[in-house]
Amino acid sequence: MRDDSSRGLLLVAGATFFWSLSGVFARWLPQVDPWTFNATRGLGMGVALLLWMAWKYRLGAIGLFTQSDPAALAISGGFFAAGSSLYILALQLSSVAAASCIGATSGIFAALMARVWLGERTPLVFYGAVVMAIIGVALIALGEASAATVGSLGGIAVSLAYALCFAGQSVALRRYSALRMEPAMILGGLGVYVAVRFTVGLAPLGAGPMAALLFMGVIQLAVPMVLYMRGARHVPAVQMVLITMADAVLNPLWVWLVHREVPATSVFWGGGVILLAIGVSAWPSLAAARLRR
């Protein structure tokens, strides 16, 4: 059992590492508009997951689609499609550090959504964590608004919106935990591509940017999604939240190392407050886990 837990922790940590590469890819392709960027990335993820399902389940993969709950597919896939699109837009409007730190609040929002949607009890400490997270977001917003680089209040608003979407996706995965959710992710990724292609349209892409975005869909979305879904079977939810918090540190770290992007000083203060808020929100679950040992 302990081996399964250790393996699960490694899988979730691996998923977090691959997710944290998003900022590096986004800064490599600043000339690509966010709609085309996310649509092409979603296409790469959807095709990669489809091939993985065909390899793993053979003909049984068809049954995973036909036997899935349409509501589960629509809700989870819809949250993913909206959240991933908003995330790329947030990276276009704000620094990677600001977008990552604000995105880390999704765990707190998920706990509050779970109370409303699933009827789960929310400890009082969560509301204090929400207040702390709001203070952290406000600190980041002040710094980004006054920064002379890519910061903007619009980016902060979009970052909050995608944090809410990913919180909704997390709660949906918990709500439909008895179902295999790979089909929802595939439909979400391919759905973004189809929706963008036939609404706003796709901007022309050269062979290089096209290959980079398709590769990003595989490495930065499909691979971590498989790792995360497999690791989640053996790791308590609170530990998953704490591990995925590392994205708020790793994402801007890779961007600084590769692209030398330095965020406003207030982002470090606001990010620290947000990470503290998430730690406070996780404390009741950690304490309960220790008592059960």
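Is Y162 buried or exposed, and what is its relative accessibility? At 4% relative accessibility, Y162 counts as buried. Buried means under 20% relative accessible area, exposed means over 50%, and partly exposed lies in between (1.4 Å probe, protein chains only). The legends below start from the whole model and then move to close-up views.

This is a predicted model: local features need pLDDT of at least 70, side-chain atom pairs count only at pLDDT 80 or more, and totals for chains, interfaces and linings use all residues. Residues are numbered from 1 along each chain as its sequence is written, and side-chain values use heavy atoms, with hydrogens and water left out.

**View 1. The protein has 14 helices and 0 strands.** Helices (H or I, at least four residues) and strands (E, at least two) are DSSP runs, numbered from the N terminus. Along the sequence the pattern reads α-α-α-α-α-α-α-α-α-α-α-α-α-α. The protein has 293 residues, and 46% of them count as buried.

**View 2. Y162 and F166 form an edge-to-face aromatic pair.** Rings of Phe, Tyr and Trp (its six-membered ring) pair if their centres lie within 6.5 Å; planes under 30 degrees apart count as stacked, over 60 as edge-to-face and the rest as tilted. Here the centres are 5.8 Å apart, with 85° between the planes. Both residues sit in helix α9 (residues 153-175). They are 4 residues apart, about one turn of the helix. Y162 is buried, whereas F166 is partly exposed at 23% relative accessibility.

**View 3. F25 and F215 form a tilted aromatic pair, one of 8 aromatic pairs in the whole structure.** The distance is 6.3 Å centre to centre, and the planes make an angle of 50°. F25 lies in helix α2 (residues 22-28) and F215 in helix α11 (residues 207-231), so the pair ties together parts that are 190 residues apart in sequence. How exposed is each ring's residue? F25 is buried, with a relative accessible area of 8%. F215 is partly exposed, at 46% relative accessibility.

**View 4. F17, F18 and W254 form one aromatic cluster.** Two other rings have a charge over the face. A charge sits over a ring if NZ of Lys or CZ of Arg is within 6 Å of the ring centre and within 35 degrees of the ring normal. K56 lies over the face of Y57, 5.8 Å from the ring centre. R260 lies over the face of W256, 5.2 Å from the ring centre.

**View 5. R27 and E261 form the 1 salt bridge of the structure.** Side chains of opposite charge can pair when their charged atoms come close. A salt bridge is a side-chain nitrogen of Lys or Arg within 4 Å of a carboxyl oxygen of Asp or Glu. In this one, N to O is 2.5 Å. The pair links distant parts of the chain, 234 residues apart. R27 is in helix α2, and E261 is in the loop between α13 (247-259) and α14 (265-292). Both residues are buried.

**View 6. Helices α7 and α9 cross at roughly 50°.** Axes are lines fitted to C-alpha atoms, for helices over the stretch in contact, and angles run from 0 to 180 degrees between N-to-C directions. The axes of α7 (residues 106-117) and α9 come within 8 Å. That makes α7 oblique to α9. Angles under 35 degrees count as roughly parallel, over 145 as roughly antiparallel, 65 to 115 as roughly perpendicular and the rest as oblique. The crossing is right-handed. A crossing is left-handed if the near helix is turned anticlockwise from the far one by less than a right angle, and right-handed if clockwise.

**View 7. Helices α3 and α5 pack at an angle of about 135°.** Helix α3 covers residues 34-57, and helix α5 covers residues 70-93. Their axes are 9 Å apart. The two helices are therefore oblique to each other. Their crossing is right-handed.

**View 8. Helix α6 (residues 96-103) is mostly covered.** In this helix, 8 of its 8 residues are buried. Among them are V96, C101 and I102.

**View 9. R180 and L64 are 7.0 Å apart in space, C-alpha to C-alpha.** In sequence they are 116 residues apart. R180 lies in the loop between α9 and α10 (182-197). R180 is partly exposed, at 30% relative accessibility.
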